[in-house]
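Work through the exercises below with the sequence and the 3D view open. Try each task before reading its solution.

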Amino acid sequence: MFKKLLLVVLALGLAFIAFLFTQATTAEGVSHANVSLLTNPTAMPTDLKPCPDSPNCVSTQATNDKKRDPIPYTGSLEAAREKLLGLLDGLPRTKREKVDDNYVHYTFKTWPIPFTDDVEFIFDDATKLIHYRSASRVGHSDLGVNSKRMAGIVAAYAGRS
């Protein structure tokens, strides 16, 4: 009896893992044009899209519990952008998608199930702040992955890694 129950639990677990991989690979085909986090992707970026109701997003421009503090910088925007690019390029499972004057977009693959998360940054040189939004492309919960990732990036940028 115990062996049968164990086999059923194992089969259900494997089916669930297969389902997660299917969801992750389905999201892989979603282009950035369809998931842009900017409110107006054709203009000079100043605002990020609001986070959805799901808990798998954090943003410096949110007005609720998803709100995080922006990253302060000193010096030129170009130097701040290069510092951030160097930091992000050194992280595992990342891909640089787009870099413009005041805008940076990366995708991150979660581990062990390779879901895609989009992370975008906007540099506000007038206030010397880097705003960001980090969100999962699919699903509801990310178990706090986006929040933890951004806390680590903020700390590393500030030199507290």
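**Exercise 1. The nonpolar core**

Which residues of the largest nonpolar core touch the most other members?

Solution. Begin with what is being examined. This is a predicted model, in which local features need pLDDT of at least 70 and side-chain atom pairs count only at pLDDT 80 or more, while totals for chains, interfaces and linings use all residues. Residues are numbered from 1 along each chain as its sequence is written, and side-chain values use heavy atoms, with hydrogens and water left out.

Step 1. A nonpolar core is a set of buried Ala, Val, Leu, Ile, Met, Phe, Trp, Tyr and Cys residues joined through side-chain atoms within 4.5 Å. Buried means under 20% relative accessible area, exposed over 50%, and partly exposed in between (1.4 Å probe, protein chains only).

Step 2. Read off the members. The largest core has 20 residues, and those touching the most other members are L84, L88, F121, F123 and I130.

Step 3. Assign the core to elements. Helices (H or I, at least four residues) and strands (E, at least two) are DSSP runs, numbered from the N terminus. Two or more residues each come from α3, β4 (103-109), β5, β6 and α4 (145-157). The largest share, 5 residues, belongs to α3.

Step 4. In soluble globular proteins, nonpolar side chains tend to be buried together.

**Exercise 2. The surroundings of I130**

List the residues in contact with I130, leaving aside its neighbours within four places in sequence.

Solution. Contact means heavy atoms within 4.5 Å. I130 meets T60, P70, I71, Y73, L84, F121, I122, F123 and Y157. Among these, L84, F121 and F123 are named with I130 as residues that touch the most other core members.

**Exercise 3. Aromatic pairs**

Find the aromatic pairs and classify each by its geometry.

Solution. Step 1. A pair of aromatic rings is described by the distance of the centres and the angle of the planes. Rings of Phe, Tyr and Trp (its six-membered ring) pair if their centres lie within 6.5 Å; planes under 30 degrees apart count as stacked, over 60 as edge-to-face and the rest as tilted.

Step 1. The count by this rule is 2 aromatic pairs.

Step 2. Y73 and F123 have centres 6.1 Å apart and planes at 70 degrees, an edge-to-face pair. Y73 is in the loop between β2 (71-72) and α3 (77-89), and F123 is in strand β5 (residues 116-124), so this pair ties together parts that are 50 residues apart in sequence. Both Y73 and F123 are buried.

Step 3. For F121 and Y132 the centres are 6.3 Å apart and the planes stand at 55 degrees, so this pair is tilted. F121 belongs to strand β5 and Y132 to strand β6 (residues 129-136), so the parts tied together are 11 residues apart in sequence. F121 counts as buried because its relative accessibility is 0%, and Y132 counts as buried because its value is 2%.

**Exercise 4. Salt bridges**

How many salt bridges does a search of the whole structure find?

Solution. Step 1. A salt bridge is a side-chain nitrogen of Lys or Arg within 4 Å of a carboxyl oxygen of Asp or Glu. The search finds 6.

Step 1. Take one of them, R96 with D89, where the closest N and O atoms are 2.3 Å apart. R96 has 40% relative accessibility, so R96 counts as partly exposed; D89, at 39%, also counts as partly exposed.

Step 2. Take another, K98 with D100, at 3.6 Å from N to O. K98 is partly exposed at 36%, and D100 is partly exposed at 33%.

Step 3. Locate K98. K98 is in strand β3 (residues 94-99) and touches Y103, V104 and H105, not counting residues up to four places away in sequence.

**Exercise 5. Helix α4**

Which residues of α4 are buried, and what covers them?

Solution. Step 1. The buried residues are N146, R149, M150, I153, V154, A155 and Y157.

Step 1. Their cover includes β1 (57-59), β2, α3, β4, β5 and β6.

Step 2. After α4 comes G159, with a positive phi near 85 degrees.
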